[in-house]
Amino acid sequence: MSPISILRRHRVAALLGAALIISPIVASFAESPNEVHNAVGTTQTPVAGVAAPNGSFAPIVAADKPAVVTVTTVMKGQPDAMSDASPLDGGGSPFDDYFRQFFGDQGMPGPKAPPQQSQRAEALGSGFIVGADGTIVTNNHVIDGASSIKVTLDDGSELPAKLVGRDAKNDLAVIKIKADKPLPTVKWGDSDKLMPGDQVLAFGNPFGIGTTVTSGIVSARGRDLHSGPFDDFIQIDAPINHGNSGGPLVDVSGNVVGINTAIYSPNGGSVGVGFAIPSDQAQKVVAKLMKGGEIEYGYLGVQIQPVTPDVASAIGLDHPGGALVSSVTEGSPAAAAGIQTGDLITGFAGQEIKDPKDLSRAVADVSPGKKETLDVWRNGKTMQLSVDVGRNGDDAQTAPVSGDSGAPGNGQGARLPAIGLGLMDITPDIRQQMNLPDNQRGAVVAAVNPNKAAAASGVQPGDIIIAVNQMPVKSARQATQAIAQAGKSGRKSVLLLVERGDAQIYVAVPFANG
């Protein structure tokens, strides 16, 4: 069971419950450490070494709390399914057992259903009002799979809501309610200005107990939870729990700087490690969602991986950086643009690419059909390629990092004691055993010495080496000679292009550890 958990709370009940999401309020230090003016006209003074408005956050709470709402959803399907796909649970409901084990029926608001009554699944989350006309922002995983949505305002009013737009990749959704008067709102803030150590407060309704406020600080920026291609979470230590999802994270001016989405928890409760989507990322997505529907993302059609120091040494770079192309999808925009396996992408659309995440986000932000420029490093030379960005469908990833899966293999062949590999040719028997296509070429890894560099670098028996230092190899002998030549050239490592299952990955093996 993963300790990373989404913050929507599920329950099964005969009667409708409340779905609540809380978000933290972030307080940041101003230019002067002794005086900060916020949106409600108060002056901050140091309290126990930490800036707070007149020793209290009450003015911020009073200003923002009316715009924080509870989101209740009735889920489609059987109550036993209590799992809606979200970027943080992978859609396969790994949290189902967790919810049942930790929550059970304890501490849940509302009466229990008699055994003879039919039950229905419900989820609790939070949200916040960004438009006086009733426009509300929440997490996608709060409303995903819902047959109906209800919003409870701070004054206790309950109103039906309709879904305006949603984006699973960013885990954001926009819903709307109709009220008979203009509603209180919160404004967007600038999350890019947040720094570790800035204060935060969290609004929401954890476990359905009612609107709650907690405080803390920004613990870190740029956290990647491997939940999607656009992970760039703010880590906070303000206590947040299940039911907080979708609530606003606000700064000392009362402006939204994040949206609470997940917690790291080995025991189900808050341990001071929470994650929020930055407002600068969310605001752009929400603006598109307010126009209705889902968002279309750009698509290249490449598998990419990070450049480690060993990989950089193997391809002749003086420092790691960029996104290394390990394979190109046939018929993709990348293939049409002339991108090749082994290319190092260092720039896209005028933006520097420091790692694979940079490329994924940059490509995704481009409208399908737009022509952009790629900066590529190939065989020691820099070049520019023009690419017509494609449309990212459900079965197409923007620029995925190469996967990792094992493949069985055995046999004997050429040995490379320097790095600890035993290689063999792809014989007819091996081809049949490994179900390889007739045109498959390369060297099969028959054995890996567990005490040598190849094993430490992740090479596995059953891998097929199809290129050495970006030059194709067709046999075990060619691979052996190419690796030996790389060692004689004075480079610290050799770069192997490995085919493993359905993926291709680059593996840099240092000679020094051989």
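This is a predicted model: local features need pLDDT of at least 70, side-chain atom pairs count only at pLDDT 80 or more; totals for chains, interfaces and linings use all residues.
Local features need pLDDT of at least 70 and side-chain atom pairs count only at pLDDT 80 or more, while totals for chains, interfaces and linings use all residues. Residues are numbered from 1 along each chain as its sequence is written, and side-chain values use heavy atoms, with hydrogens and water left out.

View 1. Of the 514 residues, 53% count as buried, meaning under 20% relative accessible area with a 1.4 Å probe, protein chains only. Take the contacts (heavy atoms within 4.5 Å) between residues at least 6 apart in sequence: 67% of them join residues at least 24 apart.

**View 2. Strand S29 and its two partners, S28 and S30.** S29 covers residues 443-448, and six of its six residues are buried. Strands count as paired here if DSSP finds at least two bridges between them.

**View 3. The buried face of helix H4 (residues 279-289).** The buried residues are Ser 279, Gln 281, Ala 282, Val 285, Val 286 and Leu 289. Down the helix axis they fall within an arc of 150°, so they line one face of H4; the arc is that of the directions from the axis to the C-beta atoms. What do these buried residues pack against? Strands S9 (135-138), S11 (158-167), S12 (172-177), S17 (256-264) and S18 (274-278).

**View 4. The largest pocket, about 620 Å³ in volume.** A pocket is an open set of points on a 1 Å grid over the protein atoms alone, with protein on both sides within 12 Å along at least five of seven lines; lining residues have an atom within 4 Å of a point. The volume is the space filled by probe spheres set on the points. Of the 26 lining residues, Asp 232, Gln 281, Lys 284, Arg 361 and Asp 365 lie nearest the centre. Elements giving two or more residues to the lining are strand S14 (212-223), H4, strand S23 (351-352) and helix H7 (356-364). H4 gives the most, with five. The lining splits into 10 nonpolar, five polar and 11 charged residues, with Asp, Glu, Lys and Arg counted as charged, Ala, Val, Leu, Ile, Met, Phe, Trp, Tyr, Cys and Pro as nonpolar, and the others, Gly among them, as polar.

How values were computed
Buried means under 20% relative accessible area, exposed over 50%, partly exposed in between (1.4 Å probe, protein chains only). Helices (H or I, at least four residues) and strands (E, at least two) are DSSP runs, numbered from the N terminus. On a 1 Å grid over the protein atoms alone, a cavity is a set of points where a 1.4 Å probe fits but cannot get out, and a pocket is an open set with protein on both sides within 12 Å along at least five of seven lines; lining residues have an atom within 4 Å of a point.
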